[in-house]
Amino acid sequence: MADNRELRQARAAFDALCNALDADGWHYEKDEEDMSINCGAQGEDLPIEIKISVDADRALVTLLSEMPFKAPESRRREMAVAVARANDGMVDGSFDYDYSGGTILFRITTSIRESLIGERALQYIVYCACNTIDRYNDKFLMVAKNDMTCDEVAEFIQ
């Protein structure tokens, strides 16, 4: 359980996040009690749904975004290759893939433990996530819908 100092620190991070989104004109829904935000963006091709939460207990800001589709059972092996290839060399964030359910989500986190996080750092998290998701979401969808081999998928995602 977070102590008062950690709660104040988390609240400051949440307020900075709201200020960062407000400064860029984002529309979002926030839950003050849970210190979470739901919002979305339109990528070049697919919508991007985003949930950002500030966790005082773990001293983390976490952004999660689930892809708006699932890999069909017949394409899950190829999707595993696609996700692994996309994650290879990724500096910030990663795609999490649930093989049994076919879901993919993007995750990026930053620690706020004993530190103050500024609006620019939070903007970076949001825009890094959106750019990365937009770069790969349509490719993942094509892997889910097309009959590519694992080798073709690896080349396609490269």
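A crossing of two helices is left-handed if the near helix is turned anticlockwise from the far one by less than a right angle, and right-handed if clockwise. The views below come from a predicted model, in which local features need pLDDT of at least 70, side-chain atom pairs count only at pLDDT 80 or more, and totals for chains, interfaces and linings use all residues. Residues are numbered from 1 along each chain as its sequence is written, and side-chain values use heavy atoms, with hydrogens and water left out.

**View 1. Helix 3 passes helix 4 in a right-handed crossing.** Helices here are DSSP runs (H or I, at least four residues), as strands are (E, at least two), numbered from the N terminus. The axes of helix 3 (residues 119-145) and helix 4 (residues 150-157) come within 11 Å and cross at roughly 165 degrees. Helix 3 and helix 4 are therefore roughly antiparallel (an angle over 145 degrees).

**View 2. Side by side, residues of helix 3 meet residues of helix 4.** Look for Tyr136, Lys139, Phe140, Met142 and Val143 in helix 3, which meet Val153, Phe156 and Ile157 in helix 4. By class, this contact has seven nonpolar, no polar and one charged residues.

**View 3. Arginine 113 sits in the loop between strand 6 (103-111) and helix 3.** Leaving aside neighbours within four places in sequence, arginine 113 is in contact (heavy atoms within 4.5 Å) with Glu6, Gln9, Asp57, Arg58 and Ala59. A polar atom of the arginine 113 side chain lies 3.2 Å from the backbone oxygen of arginine 58.

Methods:
Axes fitted to C-alpha atoms, helices over the stretch in contact; angles between N-to-C directions. Parallel < 35°, antiparallel > 145°, perpendicular 65-115°, else oblique. Nonpolar A, V, L, I, M, F, W, Y, C, P; charged D, E, K, R; others polar. Polar contact = N/O pair within 3.5 Å; in protein donor to acceptor, adjacent residues only side chain to side chain.
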